[in-house]
Amino acid sequence: METFNVDVLVIGAGVIGLAVARELARHCRGTETQVWLMDQHESFGMETSSRNSEVIHAGIYYPPGSLKAKLCVKGRDQLYHYCESKQIPYQRCGKLIHVDADAFYASVEMQQNPALTKVPVAVGGKPDRRGVIATCNYIARQFGVRSAMPAAHALRLCPDLVFVTPNFPLYKQVSARMLDIFGRYTSLIEPLSLDEAYLDVSQCTDFQGSATRIANAIRGDVKRELGITVSAGVAPNKFLAKIASDWRKPNGTFVITPDEVEAFVLELDVSKINGVGKVTSQKLAHMGIQTCADILAYDAKRLTEKFGKQGHRLI
């Protein structure tokens with residue numbers, strides 16, 4: 001049985017474990033401190049490992065009574081304390097908010113013309129000119145109308161659909177006012193388009209630093225001042241924040257806490273992964289892969305052979 005004699009052993013090669021190990025390794029680079037990552041799928045050394053090492057439990061797997069070490073750290077707060085006691089620089093889990101306006105163009109048009117609020121509305125080109133739908137309100141979506149759909153097809157699905165010509169100067173004005181609202185809470189804003197942006201509120205002191213309360217305050221400000229609704233996703237990183245903002249649309253907030261990240265990702269449908277479109281999702285489904293947990297359980301070599309670089313990125 002192999003025995004590890006390293007300085008720091010991170011147990012669990014999941015999302016959190018990888019992040020912890022990489023961060024510690026980066027800060028320990030150039031020193032004699034060794035940082036090892038042990039995956040629960042590896043059998044080596046699990047019974048007698050890390051006799052003289054510091055142990056950080058960062059994943060979901062922990063064999064009871066099998067690790068003999070001077071210190072076992074469980075949870076983020078203990079990890080921070082450990083890093084502070086060892087004078088290892090670290091950064092606390094981020095607090096990211098992804099704010100996404102609900103049917104932005106259509107919502108602005110309805111705010112300008114209240115007569116449109118109770119009818120199906122599509123913003124985009126006209127059906128008789130081979131136009132394409134830019135966006136539509138939620139009433140129109142009940143009929144199957146979607147963005148990027150040919151206007152003529154949308155009209156067949158919804159004969160009462162009201163078409164509105166896009167007013168981009170107006171949309172830009174409303175977008176600028178949204179950014180002003182975001183700026184009340186943080187200066188770390190990354191706009192993605194006119195209707196969505198990332199906000200880093202990790203250092204924000206409003207609402208005792210609660211990203212959830214900040215997100216809800218922003219939603220309230222936008223509704224009250226601009227007359228439209230936005231949805232918000234709160235998570236430790238951009239990838240999950242963007243997914244979360246779509247979870248409670250329209251006009252909702254969804255939160256993924258750091259402790260929930262691993263379980264959430266494992267259950268996440270692969271179609272939610274950026275870059276995985278309809279065709280790739282269907283191919284993965286034929287292979288029995290529906291969730292991220294299925295990806296982790298699948299043979300990595302076969303996945304790479306099947307999808308090339310994209311397969312490697314999925315892993």
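User: Which rings are counted as an aromatic pair, and how many such pairs does the whole structure hold?
Analyst: Rings of Phe, Tyr and Trp, the last through its six-membered ring, are taken as a pair if their centres lie within 6.5 Å. The model examined here is a predicted one. A search of the whole structure with that cut-off gives a total of 8 aromatic pairs.

User: Is the pair of Phe104 and Tyr105 stacked, tilted or edge-to-face?
Analyst: Planes under 30 degrees apart count as stacked and those over 60 as edge-to-face, while the rest count as tilted. The ring centres of Phe104 and Tyr105 are 5.9 Å apart and their planes meet at 50°, so the pair is tilted.

User: Are Phe104 and Tyr105 buried or exposed?
Analyst: A residue counts as buried under 20% relative accessible area and as exposed over 50%. Phe104 has a relative accessibility of 2%, and Tyr105 has a relative accessible area of 19%. Phe104 is therefore buried, and Tyr105 is likewise buried.

User: What is the geometry of the aromatic pair formed by Phe168 and Tyr171, and how many residues apart are they in helix H6?
Analyst: The centres of the rings of Phe168 and Tyr171 are 5.7 Å apart and the angle between their planes is 85°, a pair that is edge-to-face. Phe168 is partly exposed, with a relative accessible area of 39%, whereas Tyr171 counts as buried at 0% relative accessibility. About one helical turn separates Phe168 and Tyr171, because their spacing in helix H6 is 3 residues.

User: Which residues do ring pairs link into a cluster?
Analyst: Phe104 and Tyr105 form a tilted pair, and Phe168 and Tyr171 form an edge-to-face one. Ring pairs link these residues into a cluster made up of Phe104, Tyr105, Phe168 and Tyr171.

User: What should the residues of helix H6 span, and how far apart are its end C-alpha atoms?
Analyst: Helix H6 takes in residues 168-183, which is 16 residues, and at 1.5 Å a residue it should span 22 Å. The distance between its end C-alpha atoms agrees with that expectation, at 22 Å.

User: Which residues of H6 are buried, and which are exposed on the other side?
Analyst: The buried residues of H6 are Leu170, Tyr171, Val174, Ser175, Met178, Ile181 and Phe182. These cover an arc of only 135° around the axis, so they lie on the same side of H6. The exposed residues on the other side of H6 are Pro169, Lys172, Gln173 and Asp180.

User: Why is strand S5 described as largely enclosed by the rest of the structure?
Analyst: On one side of S5, Leu96, His98 and Asp100 are buried, and on the other Ile97, Val99 and Ala101 are buried too, so that both faces are covered. Strand S5 (residues 96-101) is largely enclosed because its buried residues number 6 of the 6.

User: How many bridges join S5 to S10 and to S11?
Analyst: S5 runs antiparallel to S10 (residues 196-200), where Asp200 is the bridge partner of Leu96. S5 also runs antiparallel to S11 (residues 230-235), where Val230 stands opposite Ala101. The bridges from S5 to S10 number 5, and those from S5 to S11 number 6.

User: Which element gives the most to the largest nonpolar core?
Analyst: Of the 35 residues in this core, those touching the most other members are Ile97, Phe104, Met178, Leu199 and Val222. Among the elements that give two or more residues to the core are S5, H6, S10 and helix H7 (211-226). With 7 residues, the element that gives the most is H7.

Terms used. Residues numbered from 1 in each chain as written. Predicted model: local features only at pLDDT ≥ 70, side-chain atom pairs only at ≥ 80, totals over all residues. Heavy atoms only, no water. Helix = DSSP H or I, 4+ residues; strand = E, 2+ residues; numbered from the N terminus. Expected span 1.5 Å × (residues − 1). Buried < 20%, exposed > 50% of the residue type's maximum accessible area, 1.4 Å probe, protein only. Arc of directions from axis to C-beta. Pairing = 2+ DSSP bridges. Core = buried A, V, L, I, M, F, W, Y, C linked by side-chain atoms within 4.5 Å.
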